[in-house]
Amino acid sequence: MNRFEYTRAGTVQEAVQALAADPAARFIAGGTNLVDLMKYNVERPGRLVDITRLPLDEIVAHDGGLRLGALVPNATVAYDPLVNERYPLLASALLAGASPQLRNAATTGGNLLQRTRCYYFYDEATPCNKREPGSGCPAMTGVNRIHAILGASDTCIATHPSDMCVALAALEAVVQVEGPEGRRSIPFAEFHRLPGDAPQADTTLRHGEIVLSVDLPDEDFSQHYTYLKLRDRLSYAFALVSVAAALEMDGDTIRTARLALGGVAHKPWRNAEAESRLQGKKATPETFREAADVILAEARPYAHNAFKVELARRAIVRGLSQAAAGTPQSQTDKRIA
């Protein structure tokens with residue numbers, strides 16, 4: 001274990017100042033990802049800034065929707081009555097992730113900031129452009145079963161692991177942050193980034209910025225939604241493919257469609273053209289297959305993950321079918337047939 005200094009912030013301003021003053025500093029709250037990375041020697045912070053005492057642990061009404069404080073535990077969000085009434089897609093996604101113990105510890109802000117998953121990123125004995133830019137990406141020619149099929153680059157094919165973030169992408173949440181230059185709002189679609197030629201950066205946060213909250217908009221997808229997660233085992237596993245579908249229906253016609261995929265890219269994946277094509281169409285398997293074809297037209301599989309293309313196609317059709325019918329996926333059923 002590398003030596004590090006420890007600071008406990010009493011205010012948001014103290015937290016921002018402590019992080020901004022030290023390039024090697026990291027925030028810590030639940031620590032469910034950061035501590036693992038420190039044990040693997042992947043992360044080597046010179047200072048940990050404890051933010052657990054900050055007043056960011058409430059769920060409150062905001063601008064017609066809900067505001068989730070950055071320190072609200074995942075379990076609290078998942079079982080909150082208002083979240084379940086108005087945003088059951090989010091609750092369903094949270095309950096599909098991790099384990100009860102981890103959901104009790106993990107925070108809303110921490111969930112957004114967990115690092116992408118890749119065998120080679122976690123193994124410091126191998127090269128990794130995310131750990132050491134320019135060192136190479138052995139996943140491209142190595143074992144790449146869990147890796148990206150969309151949005152990857154020649155420098156990185158890691159995938160974003162979060163279930164919660166896939167639902168937040170479909171719900172078009174907004175992330176509130178504060179840093180040395182003040183506060184700003186980041187649309188969820190702009191919070192995470194694709195690897196491009198800088199895979200070491202998972203988000204668009206600037207150094208010194210802290211996540212304050214996640215705002216859920218005043219929209220109603222409480223009747224027609226589903227979160228479908230396909231994985232190697234039923235619990236405590238990351239998604240090979242996941243689908244967050246949210247629809248507004250007029251009879252059997254789709255009025256509004258939101259669709260986000262997890263397990264397939266460096267960030268939760270949305271396709272505006274596919275969502276646009278769904279609007280005004282009848283909710284049929286043919287309509288859903290057309291949307292899936294649009295999303296997967298640019299899929300680029302590798303040696304061991306070509307199966308993800310067909311898996312994603314079937315998952316999209318099933319997820320949209322469940323959402324249209326108002327029969328959301330049970331998190332105890334992982335069948336895809």
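Student: Which residues of H11 are buried?

Tutor: Thr287, Phe288, Ala291, Ala292, Val294, Ile295 and Leu296. Buried means under 20% relative accessible area, with exposed over 50% and partly exposed in between (1.4 Å probe, protein chains only). Before we go on, this is a predicted model, where local features need pLDDT of at least 70, side-chain atom pairs count only at pLDDT 80 or more, and totals for chains, interfaces and linings use all residues. Residues are numbered from 1 along each chain as its sequence is written, and side-chain values use heavy atoms, leaving out hydrogens and water.

Student: What do the buried residues of H11 pack against?

Tutor: They pack against strand S11 (253–262), helix H10 (272–278) and helix H12 (307–325). Contact here means heavy atoms within 4.5 Å. Helices (H or I, at least four residues) and strands (E, at least two) are DSSP runs, numbered from the N terminus.

Student: OK, over to S11. How many of its residues are buried?

Tutor: Eight of the ten residues of S11 are buried.

Student: And which strand pairs with S11 over nine bridges?

Tutor: That's S10 (residues 241–250), in the antiparallel sense; two strands pair if DSSP finds at least two bridges between them. Ala246 stands opposite Arg258 in S11, and Met249 is opposite Ile254 in S11. S10 and S11 form a hairpin with two residues between them, and Gly251 in the turn has a positive phi of about 70 degrees.

Student: Why is S10 largely enclosed?

Tutor: Eight of the ten residues of S10 are buried, so the rest of the structure largely encloses it. S10 also pairs with strand S9 (residues 225–230), antiparallel over six bridges, where Leu228 stands opposite Val243 in S10.

Student: New topic: how many cavities of 30 Å³ or more are there?

Tutor: Two. On a 1 Å grid over the protein atoms alone, a cavity is a set of points where a 1.4 Å probe fits but cannot get out, and lining residues have an atom within 4 Å of a point.

Student: Which residues are closest to the centre of the largest cavity?

Tutor: Of the 14 residues that line the largest cavity, Cys118, Cys128, Cys137, Cys156 and Ile157 are the closest to its centre. The largest cavity holds about 80 Å³ of space, a volume being the space filled by probe spheres set on the points, which are joined across faces, edges and corners.

Conventions: 1 Å grid on protein atoms, 1.4 Å probe; cavity = no way out; pocket = protein on both sides within 12 Å on 5 of 7 lines; lining within 4 Å.
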